[in-house]
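Please read these notes beside the sequence and the coordinates.

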Amino acid sequence: MFDHPVTFVTWHDAASYASWAGKELPSSQQWEKAARGVRGNVYPWGNQPTPAKCNARESGVGTTTPVSRFHSGVSPYGVYDMCGNTWEWCSTRTVANRYELKAGAFTSPFSRSTPSSFNDASSTMLDDDTGFRCCIAGAALQALLKPRSA
């Protein structure tokens, strides 16, 4: 199960881990761009609703799946599970002590798994269908991509 998403984490847990790792939680806008690409597709794979390309309730799996299971559902940027598997914490605060969640989950109907769907929760909420992913801040990414002199 080392290739499944981490679950049962609060927003505080996710943000603390990201900081420890020298990364951050993506904003909801960053997350959605990674899912939909520059064309703004409805789904990571395009505009056709295809529940078989993700781990939503209709898949019947009933639990998380390995993060690279749905190859045909990968985003234009090569990111897996941008629909289904687990809800993912974002850095975007909606109101006091609530943060946006993206992706839908194995417990969610496919219709709630579109990258543009809105969901938020209390920062202290944790559940078997809620996890996170990290990103690298733009400046840090540019520093990593910058050619090194010999």
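Which side chain does a polar contact of 3.1 Å join to that of D120?

1. Basis. This is a predicted model, in which local features need pLDDT of at least 70, side-chain atom pairs count only at pLDDT 80 or more, and totals for chains, interfaces and linings use all residues. Residues are numbered from 1 along each chain as its sequence is written, and side-chain values use heavy atoms, with hydrogens and water left out.

2. Polar contacts of D120. The partner at 3.1 Å is the side chain of R98. The D120 side chain also makes a polar contact of 2.6 Å with the side chain of T94. A polar contact is a pair of N or O atoms within 3.5 Å; within protein, one must be able to donate a hydrogen and the other to accept it, and residues adjacent in sequence count only if both atoms are side-chain atoms.

3. Setting of D120. D120 lies in strand 3, residues 120–122 (strands are DSSP runs of E, at least two residues, numbered from the N terminus). Its relative accessibility is 18%, so D120 counts as buried (under 20% relative accessible area; exposed is over 50%, partly exposed in between; 1.4 Å probe, protein chains only). Leaving aside residues up to four places away in sequence, D120 touches T94, R98, Y99, E100 and L101 (contact means heavy atoms within 4.5 Å).

4. Cysteines. The structure holds zero disulfides (a disulfide is a pair of cysteine sulfur atoms within 2.5 Å). For C54, the closest cysteine sulfur is in C83, at 5.4 Å, too far for a bond. C54 is buried because its relative accessibility is 2%. For C135, the closest cysteine sulfur is in C134, at 7.6 Å, also too far for a bond. C135 is buried, at 17% relative accessible area.

Technical notes
Helices (H or I, at least four residues) and strands (E, at least two) are DSSP runs, numbered from the N terminus.
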